[in-house]
Amino acid sequence: MFEFLHYGFMQRALLSSVIVGTTCSFIGVFVVLRGMAFAGSGLAHAAFGGVALGFLLAVNPLVATVLFCLGTAGLIQVTSRKAQLRMDAAIGIFFAFAMALGVLFIGLMKRYDARIYGYLFGNVLGVTPGNLILMAVLGLVVIGAIGLLYRRLKFLTFDEEMAEASGLPTDALAALLLGLLALTVVVSIKTVGIILVEALLVTPAATAYQLTHRYGMMFALSWIAGMVSCVAGLVISYALGIPSGASIVTVATVLFALAAVFSPKRRKCKVCGHKSGFDTA
Amino acid sequence: MLGAGGHELARVRRHIGYVPQRRTLDPQFPITVRDAVVMGLYPMLGAFGRLTADDRRRVEAALVAVGLLDSADHAAGHLSGGQQQRLLIARALVQEPRIMLLDEPTSAVDAATRSAIVDLVRRLHAERGLTTFYVTHDINEVMPCVDKVLYINRTVRAFGSCAQVLNRETLESLYGSRVVFAEDSGRRYVIVGDSHV
C-alpha cells in the first residue's frame with residue numbers, strides 16, 4: 001500500500017505536506033482568533049507578484065516570494081497605522097497592487113514559462129530538495145517564533161488593550177504576526193498553491209475551534225486537523241490521480257464540517273446551560 | 001509616574017491593577033475563567049516563567065474574592081456581563097496591586113449588576129487597603145463611597161472632597177445645565193437637568 005513512498009518525489013511531497021500542515025495549523029490559530037483570514041488571502045495573492053518577479057529575474061521564485069511577501073506585509077502594517085486605514089482596506093490595496101505587478105512582470109518576461117502557473121494551484125510532486133530545505137527553515141522560524149512568544153501572543157489576542165497597558169509592544173507583535181503569516185504563505189504555495197493556501201490557513205484552526213474551549217488545546221487539535229488534511233489529501237490525490245492542492249483542501253473542509261456538526265459547543269453546558277459565545281447582556 | 005520611562009514604568013506598573021472596559025475582551029477567545037485570571041500574572045512571569053504554588057494560591061484567592069471560584073473551569077465565553085466584569089477585577093487583583101484603576105466597570109450592565117459591582121469594589125478597597133481610581137460617567141453610582149472626586153473634560157475641571165465638588169454651584173458650572181439634588185432613604189442623588197428639569 002505504501003510503495004509510493006519508495007519514490008523520491010513522493011517522499012519530498014510527504015515531507016512538504018507535513019511541514020505545510022504543521023506551519024499552517026499553528027499560525028492558523030491566530031488567523032482564526034484575530035480575524036486575519038483576509039490578510040492570509042491578501043498575502044497569498046501578493047505571493048503571485050513575488051513568484052513572477054523570481055521568474056523574471058531568473059532567481060529562486062520562493063526566495064523572491066519571501067522578500068516580496070514580507071515587503072507587502074510591512075507596507076500593509078505601516079499603511080494601516082500611518083494612513084489610519086482599517087487593516088482590510090490596506091490589505092485590499094496592496095494585494096491587488098502585488099497581483100498587478102505579477103501580471104506586469106509576466107508581460108516583461110522574454111519567454112513564457114508555464115511553471116509560474118504551477119504556483120497558482122500547487123505542484124506538490126514538483127517539490128525539489130532545495131524547496132524542501134527552504135520550507136523547513138521558514139517553517140521552523142514560524143513555529144519557533146510562536147513558541148517563544150506563546151504567552152505574549154495569547155495576551156495580545158485575548159485583550160490587546162490590557163496587553164498594551166501591561167507594557168507589551170502590541171504594535172510590534174501584530175506586525176510580527178503578519179510577517180509570520182507571510183512566511184507561512186511562502187512555505188505553502190508550492191504544495192497547495194496560491195489560490196488554495198487560504199484554506200489551510202483557516203480551516204484546520206476553525207476545525208479545532210469547534211472542539212475546544214482551551215487555547216493550548218486549540219493548537220494541538222489544529223495541528224492534528226492540518227496533518228490529517230495534508231497527508232490524507234496527498235495519499236488520496238496519488239491514489240485517484242487528482243490535483244494535490246484540491247484534495248488536501250477537500251479533506252480539510254470535510255473535517256471542518258464533521259467538527260461543526262458534532263461540536264460539543266452545540267450542546268448545552270451541563271453546569272450553566274450556555275451553548276457557546278459570550279453573553280452580552 | 002508622568003514622564004517615567006523604561007524600568008521605572010515597569011516597576012510602577014506592577015503596583016497598578018488595571019480593569020479595562022469589558023468591550024476590550026475578545027468574546028470568541030477559547031479560554032477558561034481561571035486561565036484568563038492567570039493572565040494577570042503574565043507581566044511578572046515573563047515569557048517562560050512557570051506558575052508557582054504561591055501564584056496558584058493568588059489566582060484562587062482572586063477568584064474567591066470576586067465570587068467566581070465555582071466558574072473557574074468554565075469557558076469565559078459562558079459568563080454573563082456582570083461575571084465578565086468580575087473576571088476582569090479578579091485578573092487585576094491577582095497581581096496584588098496597591099492601586100486599582102477601573103475604567104467604567106459598570107458600563108452595559110443592568111442596575112442590579114451595577115450595584116453588585118460597586119459593592120464588590122468598595123469591599124475590596126476596604127479589605128485590601130487599596131487606592132482605587134474609579135472612572136465613570138455616572139456620579140450617582142459612586143457618590144456614597146468616594147473620598148475624592150476628579151472631574152476631567154480634556155483638562156482637570158474640578159478636584160476635591162465630595163463636599164467641595166458635589167455641590168450645585170460646581171456641578172452646574174461643570175455640566176453647563178441645571179442640577180437638582182434628590183434624596184431617598186438617606187441617600188443623595190444628582191440629576192443633571194435639560195430643558196425638562
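1. By class, the residues that line the largest pocket are 22 nonpolar, 6 polar and 6 charged, where Ala, Val, Leu, Ile, Met, Phe, Trp, Tyr, Cys and Pro count as nonpolar, Asp, Glu, Lys and Arg as charged, and the others, Gly among them, as polar. The model is a predicted one, in which local features need pLDDT of at least 70 and side-chain atom pairs count only at pLDDT 80 or more, while totals for chains, interfaces and linings use all residues. Residues are numbered from 1 along each chain as its sequence is written, chains are lettered from A and ligands numbered from 1 in the order in which they are written, and side-chain values use heavy atoms, with hydrogens and water left out.

2. The volume of this largest pocket is about 1200 Å³, and of its 34 lining residues B:Phe133, B:Tyr134, B:Val135, B:Lys148 and B:Leu150 are the closest to the centre. On a 1 Å grid over the protein atoms alone, a pocket is an open set of points with protein on both sides within 12 Å along at least five of seven lines, a cavity is a set where a 1.4 Å probe fits but cannot get out, and lining residues have an atom within 4 Å of a point. Grid points are joined across faces, edges and corners, and a volume is the space filled by probe spheres set on the points.

3. Strand 4 (148-153) of chain B is among the elements that supply at least two residues of the pocket lining, and strand 4 gives the most, with 6 residues. Helices (H or I, at least four residues) and strands (E, at least two) are DSSP runs numbered from the N terminus.

4. The structure holds 1 cavity of 30 Å³ or more, and the largest cavity has a volume of about 40 Å³. Its lining includes B:Ile89, B:Met100 and B:His125, with strand 2 and helix 6 of chain B as the elements that give two or more residues. Helix 6 of chain B contributes the most, with 3 residues, and the lining divides into 6 nonpolar, 2 polar and no charged residues.

5. Between the chains, 36 residues of chain B are in contact (heavy atoms within 4.5 Å) with 33 residues of chain A. The buried area, which is the accessible area (1.4 Å probe) that two parts lose on being put together, summed over both, is about 3200 Å², with 58% of it given by carbon and sulfur atoms. Of the area that chain B buries against chain A, B:Phe29, B:Pro30 and B:His78 supply 21%, more than any other three residues.

6. The rule finds 2 salt bridges across this interface, a salt bridge being a side-chain nitrogen of Lys or Arg within 4 Å of a carboxyl oxygen of Asp or Glu. A:Lys154 and B:Asp35 meet in a salt bridge at 2.6 Å, N to O. The residues on the side of chain B that touches chain A divide into 18 nonpolar, 11 polar and 7 charged.

7. Over all chains, the search finds 13 salt bridges. One such pair is B:Arg57 with B:Asp54, whose closest N and O atoms are 2.9 Å apart, and both residues lie in helix 4 (residues 53-66) of chain B, 3 residues apart, about one turn of the helix.
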